[in-house]
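Please look through the sequence and the model shown below.

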Amino acid sequence: MLQLYNSLTRKKEEFKPINPPEVGLYTCGPTVYDYDHIGHAWTYTTADLLRRTLEFNDYKVRQVMNITDVGHLTSDGDTGEDKLEKGARREGKTVWEVAKYYTDIFLKHRNDLNLLKPNVICKATDHIPEMIDLIKKLEAKGATYVITDGVYFDISKFPAYGKLSGNTLEKLKAGARIEVNPEKKNPADFALWKFSPADSKREMEWDSPWGKGFPGWHIECSAMSMKYLGESFDIHSGGEDNKFPHHECEIAQTETATGKTFVNYWFHTRFLMINGQKMSKSLKNFYTLDDVIKKGFSPLAMRYLCLTAHYRTNLNFTWKSLEAAQTALNNLYDAVGRMKIKKNDSKINCAKFDRQFTEAINDDINTPKAIAIMWELMKSQYPDSAKKQSLLIMDKIFGLGLDKIKKKKITIPPEIKKLAEQREKAREEKNWALADQLREKIEKEGFAVEDTDGKTKVKNK
Ligand code: AMP
Ligand code: ZN
């Protein structure tokens with residue numbers, strides 16, 4: 001039985017999909033105006049672990065991930081500049097070039113981290129008509145209003161606003177955390193469509209029934225998730241900062257439009273931290289996966305590091321912890337490479353460890369525990385073939401590429417080969433004393449000697 005923590009109900013719940021064995025999973029993708037960093041790697045690796053956990057439980061997952069290539073302003077409210085337009089100006093490229101460049105790098109990093117490819121990867125700019133249709137629906141329900149700079153959603157029309165983040169209309173009013181545009185009815189009303197300013201040099205703008213402009217940030221995820229997963233689906237994932245305002249606004253606009261529950265389970269990953277702060281672009285305290293690779297680490301060491309923390313705790317990044325992850329990974333690869341698989345062992349299995357592993361994973365994806373169980377298994381007395389069977393099952397979640405590890409080939413240096421030949425000759429001549437001396441010499445160099453059919457075989461110790 002799979003238990004998942006649901007941020008909406010703030011408790012662990014038994015996972016029950018709407019239409020088993022199918023599961024719809026929507027993952028909020030990146031805003032592609034700059035390099036993605038290892039904080040993103042952490043969030044997307046944990047979403048990958050969620051997907052693998054569902055598949056481990058025999059669900060057929062349809063994962064949809066968006067690419068935000070328009071409409072995310074430099075503030076999470078509705079002010080500031082479009083991050084993409086700003087990126088283009090900074091780099092002297094077109095907005096489209098900037099989006100493509102950073103999307104390609106992000107997708108390469110996903111590959112490096114061995115993240116399963118979502119079934120659908122969709123760009124906001126390819127779905128403007130769907131967003132306009134959704135805004136029209138909201139307009140027909142009387143939940144929108146137009147002011148100087150755009151079309152806004154009136155959150156007073158959705159009494160359940162705040163159910164995900166706790167930021168209800170009353171609390172927001174009291175706290176006045178959001179900067180107030182005097183034309184807005186409520187401070188937390190958010191833009192569905194922004195008008196291009198009159199003197200605008202925007203590259204990305206589209207005609208709409210309300211005027212030329214571009215979509216607000218939140219509307220893309222509602223429009224695209226509904227297009228590919230239906231009006232109600234199972235799980236929506238993202239980083240903890242997506243909870244508010246992004247996901248709260250997604251819920252408000254989607255549920256107002258459809259009158260149905262939008263998403264049953266919300267999955268949020270806590271931040272990757274560095275020196276006690278969130279790793280982020282704006283704080284300039286970030287490393288990219290390429291920085292990690294340049295320092296000589298394998299990207300899968302980063303994946304291993306992610307496995308050592310639970311997605312609902314902060315992952316505190318230090319180079320020391322990455323070194324430890326790399327060492328553990330090397331040890332694992334080494335041990336797997338040395339495993340001797342005997343055919344007649346194949347009926348023995350490590351049922352105890354398999355069961356413990358499944359329990360850990362099905363308990364809200366407890367990968368730190370699952371990793372500890374894997375090392376217990378490695379230390380156990382089971383035959384290698386039984387261990388390997390279990391490891392390959394575990395690696396369906398871990399994704400460390402254990403199925404690709406070749407048996408270690410031992411290269412015997414030429415001088416050792418020569419000693420072995422001399423020893424064979426000595427044995428042919430029945431010069432046992434010399435043969436023994438040569439054996440000792442070979443062993444001193446760290447190799448083992450085995451005599452079979454009158455031949456001297458040299459092996460790794
Ligand atoms: P963005 O490109 O800023 O929209 O971020 C894409 C995703 O990465 C979002 O789900 C963010 O919550 C997540 N994210 C960004 N920084 C971090 C971090 N330091 N730790 C965890 N997740 C992060
Ligand atoms: Zn989103």
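**Zinc site, helix pairs and a loop**

C28 and C221 are both buried, buried meaning under 20% relative accessible area, exposed over 50% and partly exposed in between, with a 1.4 Å probe and protein chains only. This is a predicted model, in which local features need pLDDT of at least 70 and side-chain atom pairs count only at pLDDT 80 or more, while totals for chains, interfaces and linings use all residues. Residues are numbered from 1 along each chain as its sequence is written, chains are lettered from A and ligands numbered from 1 in the order in which they are written, and side-chain values use heavy atoms, with hydrogens and water left out.

Which residues hold the zinc ion (ligand 2) as protein donors? They are C28 through SG, C221 through SG and H246 through NE2, at 2.1 to 2.2 Å from the ion. Donors are N, O and S atoms within 2.8 Å of the metal (3.2 Å for Na, K and Ca); water is not among the atoms, so sites may look incomplete. The spacing of the donor residues in sequence is C-x192-C-x24-H. C28 sits in the loop between β3 (22-27) and α1 (38-56), and C221 in helix α6 (residues 217-229), so that the pair, 193 residues apart, links distant parts of the chain. Helices (H or I, at least four residues) and strands (E, at least two) are DSSP runs, numbered from the N terminus.

Helix α2 (residues 83-91) and helix α3 (residues 95-112) cross at roughly 95°, their axes coming within 8 Å. Axes are lines fitted to C-alpha atoms, for helices over the stretch in contact, and angles run from 0 to 180 degrees between N-to-C directions. The angle makes α2 roughly perpendicular to α3; the cut-offs are 65 to 115 degrees for roughly perpendicular, under 35 for roughly parallel, over 145 for roughly antiparallel, and oblique for the rest. Contact (heavy atoms within 4.5 Å) involves L84, E85, G87, A88, R90 and E91 of α2 and V95, V98, A99 and Y102 of α3.

Helix α14 (residues 414-428) and helix α15 (residues 432-444) pack at about 160°, with axes 8 Å apart. α14 is therefore roughly antiparallel to α15. Among the residues in contact are I416, L419 and R423 of α14 and W432, L438 and I442 of α15.

P413 lies in the loop between α13 (384-398) and α14. With a relative accessible area of 24%, P413 is partly exposed. Its C-alpha atom is separated by 62 Å from that of G71, 342 residues apart along the chain.
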